[in-house]
Amino acid sequence: MARKAGRAEPARYDHGEVEPRWQRFWHEHATFRAVRRPGREKRYVLDMFPYPSAAGLHVGHPEGYTATDIVCRHLRMRGYDVLHPMGWDAFGLPAEQHAIRTSTHPTATTRENVATFKRQLKMLGFSYDWAREIDTTDPQYLRWTQWIFLKLFERGLAYQDEIPVNWCPGLGTVLANEEVIDGKSEIGGYPVVRTPLRQWMLRITAYADRLAEDLKLVDWPGGTLTAQRRWIGRSEGADVHFAVADHADADIGVFTTRPDTLMGVTYVVLAPEHTLVSKVTTSEHRDEVRAYVEAAARKSDLDRIAGTPQKTGVPTGAFALHPITGVRVPIWVADYVVGSYGTGAVMAVPAHDQRDFAFAKTFDLPIVEVVSPDGMPRAPLEAAYGDDGINLHSGEFDGLTTVECKRAVVETLQKLGRGARTVTYRLRDWIFSRQRYWGEPIPIYFPVELAEPFADPRRGDPHRIRYDQPIAVDESQLPLELPELGDFRPGEDPAGPLARAVAWRFFQRGGHWYARETNTMPQWAGSCWYYLRFLDPENHREPWSRAAYDAWMPVDLYVGGSEHAVLHLLYARFWHKVLFDLGMVQHAEPFTKVVHQGTILGDDSEKMSKSRGNVINPDDIVRAHGADVLRLYEMFMGPLEAVKPWQSSQIQGVRRFRDRLYATGIRPLGDAIDESTRRLLHQTAKRVTRDIEALRFNTAISGMMELLNHLSDLPDPLPREAVRTLILLVAPFAPHVAEELWQTGGHDVERTGTLAHRAWPTWDEALCQEDTVEIAVQVNGRVRGRVVLSHAASAEAARTAALSADGVASHVAGRPIRKFVYVPGKIVNVVVG
């Protein structure tokens with residue numbers, strides 16, 4: 001256009017100079033320091049605690065951080081007091097493994113990794129209150145993690161037990177089921193065996209009901225709520241007890257949600273690790289059972305539950321006695337039953353449980369139908385029938401509905417002393433011990449008994465550690481820090497590498513020897529309560545003050561990956577409820593709203609990993625295009641929760657938007673504004689605001705692009721109101737270029753304050769409404785055309801326009817109009833004869 005031809009070439013935007021300058025300004029002026037002001041509403045916005053890995057960030061990591069940063073910058077401009085902190089979940093197995101691979105102490109590698117992560121996060125312009133930065137390995141943080149453990153111990157919620165665990169000698173630690181794949185460790189691929197070990201346990205099951213019930217208090221994704229409920233797994237049913245033939249002192253307890261099927265039991269299955277296996281197995285089956293049990297010990301619980309279509313098992317040669325009829329049923333050992341779930345035994349009803357059906361078919365065991373839809377037998381049975389119905393082949397219970405039969409069977413069991421109504425959970429107490437170095441020491445010690453009066457356990461003299469007499473470290477002695485170990489590698493000793501630190505482990509007090517606990521806490525521990533320490537990180541008298549809690553809690557928005565949908569959230573909620581019972585927190589739930597960002601895949605649409613060679617380093621993107629471009633691109637890729645592939649070719653389009661924004665923002669400005677621009681401006685302000693509130697960042701950016709395109713086509717001078725508003729709307733998304741344009745536009749930030757706290761644009765609702773609207777015209781109920789009408793158009797004007805619209809006239813010509821219906825702003829319907 002002619003009006004553009006004489007325009008001077010705009011100054012080039014130098015992100016390499018501009019962005020670090022504004023980051024320094026924000027740091028020097030503590031722009032994002034979280035402060036509570038009287039009369040202001042608060043918002044606590046939290047990112048899930050990152051683990052600072054040696055590789056640093058890849059471009060997938062900043063997605064959630066960018067989303068929360070946009071929300072926080074928007075809220076500050078809306079006048080809210082905002083707490084947006086950041087810290088480091090720095091203990092754990094990955095850090096230890098990296099330290100072992102590099103022959104570097106984990107203290108040094110963790111410090112280096114934290115520095116890399118912090119540099120990258122600052123490089124992206126995130127508005128964290130860095131004055132609240134915390135690190136789970138910091139002695140002051142460690143002190144309060146151990147203090148909370150002692151509160152659990154005092155309340156009987158932390159206890160010791162010997163249980164079968166996934167022991168990995170190669171890693172020297174116990175692994176969760178999720179960390180074992182095909183009998184090997186997920187990290188390193190080392191063999192894993194099931195073996196009983198002394199473990200510290202947390203009694204999370206004591207809170208199972210509340211953990212399930214209180215999910216109704218939160219605004220979380222439906223899939224996450226479902227995952228939590230399934231993991232807790234509340235079930236109502238009955239405990240049933242089977243005597244064992246020829247073993248008067250043996251009793252097999254099972255739990256069933258279907259006591260109405262008890263008359264269909266044809267065999268009983270014990271888990272390979274069940275304590276009765278060795279006791280009841282007959283001599284002729286002993287070798288076969290022993291070999292099967294040893295093979296099962298090399299599988300994880302997940303492998304056993306998932307299993308294969310072909311079921312495996314071996315008979316014990318023993319028989320259980322049916323609790324009502326006294327009929328003998330064979331006892332088998334099978335690995336599809338897991339000792340840590342339920343009682344470690346099941347009553348097998350193959351006609352009404354598909355796993356039992358498959359097992360019975362494999363080993364030619366009886367299948368007795370006791371429930372059918374109408375009480376009539378079905379033959380032959382091709383699959384198990386698991387729905388409700390009417391009982392048959394059930395003796396005194398024939399003809400009863402499922403509900404009636406459940407009640408009647410339980411009453412009979414209670415009279416016979418062989419069962420009772422009960423509630424059970426899939427949830428199991430939390431295995432809290434780890435046999436590794438790089439974790440929080442458990443603040444417990446034990447008495448040591450010496451074989452001789454002047455023996456010294458540090459020299460290896462004969463001694464006995466009384467694990468049955470745990471003693472809490474006095475709170476005044478916290479934190480109990482890790483000893484310096486030159487060799488912190490794991491070994492095959494389940495006591496863990498800390499057992500080698502004999503000078504730290506053994507100590508004397510009052511003339512008696514004691515031994516410290518050598519297990520450490522899992523990585524989950526530090527992340528269970530970090531959101532509370534952010535409230536008051538410099539408090540040395542208590543983990544947080546009541547005033548700090550009241551100022552900021554609960555967390556209003558919590559954003560992180562869906563991989564944490566179960567365990568992290570469940571464990572954090574458990575600790576929070578314990579603290580609630582202690583009177584230290586005042587809300588039943590810590591996280592009001594949870595959002596999971598989607599995964600950003602590599603250019604090849606595969607998950608980013610070094611092994612695939614598809615990792616994209618944000619340092620490279622920022623160096624080439626700038627942090628604002630990376631932020632805008634990640635939010636423009638698609639809905640926040642969606643899985644999206646990275647496409648390097650498309651980042652240029654977002655860069656052009658940033659550069660056009662800068663070029664437009666430095667053009668001459670004037671006070672005049674035309675009506676169409678004013679209307680689009682108000683519509684965009686409303687649209688962007690509503691989209692940020694709903695976390696629809698991609699559509700918010702689309703709206704700003706449309707406004708920029710409109711402004712770019714206007715002649716100089718551009719309307720000052722429109723350019724100023726666009727800069728404010730862009731600020732949460734691309735804060736560096738927005739700050740630069742704000743200052744370029746004559747705003748003295750040293751005197752008036754940064755753009756980060758300027759008032760957010762408002763809008764006139766009347767200007768957000770279009771003068772005209774396009775509506776459909778129906779003829780006898782079918783759409784034949786469309787017309788553009790004023791919102792205030794009369795029925796007569798609508799009739800005139802509708803009847804002359806393209807596609808309508810031919811359908812009404814020569815035909816009588818029997819009825820004309822006009823709903824302003826909605827529809828026109830013409831009924832013809």
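Which backbone nitrogen does the side chain of Asp-461 reach, and at what distance? In this predicted model, local features need pLDDT of at least 70 and side-chain atom pairs count only at pLDDT 80 or more, whereas totals for chains, interfaces and linings use all residues. Residues are numbered from 1 along each chain as its sequence is written, and side-chain values use heavy atoms, with hydrogens and water left out.

The side chain of Asp-461 reaches the backbone nitrogen of Asp-456 at 2.7 Å, and the Asp-461 side chain also makes a polar contact with the side chain of Arg-459 at 2.8 Å. A polar contact is a pair of N or O atoms within 3.5 Å; within protein, one atom must be able to donate a hydrogen and the other to accept it, and residues adjacent in sequence count only if both atoms are side-chain atoms. Asp-461 is placed in the loop between strand 20 (444-450) and strand 21 (463-465), where helices (H or I, at least four residues) and strands (E, at least two) are DSSP runs numbered from the N terminus. When neighbours within four places in sequence are left aside, Asp-461 is in contact (heavy atoms within 4.5 Å) with Ala-455 and Asp-456.

Two helix pairs were examined. The axes of helix 8 (residues 222-232) and helix 18 (residues 567-581) come within 10 Å and cross at roughly 70 degrees, which makes helix 8 roughly perpendicular to helix 18. Axes are lines fitted to C-alpha atoms, for helices over the stretch in contact, and angles run from 0 to 180 degrees between N-to-C directions; angles under 35 degrees count as roughly parallel, over 145 as roughly antiparallel, 65 to 115 as roughly perpendicular and the rest as oblique. Thr-224, Gln-228, Trp-231 and Ile-232 of helix 8 make the contact with Leu-567, Leu-569, Leu-570 and Arg-573 of helix 18, and the residues involved divide into five nonpolar, two polar and one charged. In this classification Ala, Val, Leu, Ile, Met, Phe, Trp, Tyr, Cys and Pro count as nonpolar, Asp, Glu, Lys and Arg as charged, and the others, Gly among them, as polar.

Helix 19 (residues 618-625) and helix 21 (residues 651-665) pack at an angle of about 45 degrees with their axes 12 Å apart, so that helix 19 is oblique to helix 21. Here Ile-621, Ala-624 and His-625 in helix 19 meet Ile-651, Gln-652, Arg-655 and Arg-658 in helix 21, a contact with three nonpolar, two polar and two charged residues.

Backbone geometry was considered next. Cis peptide bonds join Leu-478 and Pro-479, with omega about 5 degrees, and Asp-716 and Pro-717, with omega about -5 degrees. Pro-479 lies in the loop between strand 22 (471-472) and helix 14 (502-505), and Pro-717 in the loop between helix 23 (697-712) and strand 30 (718-719).

Positive phi values in residues other than glycine include that of Asp-246, near 70 degrees, in the loop between strand 10 (234-244) and strand 11 (247-256). Asp-246 counts as exposed at 76% relative accessibility, where buried means under 20% relative accessible area, exposed over 50% and partly exposed in between (1.4 Å probe, protein chains only). Leu-695, with a positive phi of about 60 degrees, is buried at a relative accessible area of 11% and is found in the loop between helix 22 (675-693) and helix 23. Apart from residues up to four places away in sequence, Leu-695 touches Val-71, Val-595 and Leu-640.
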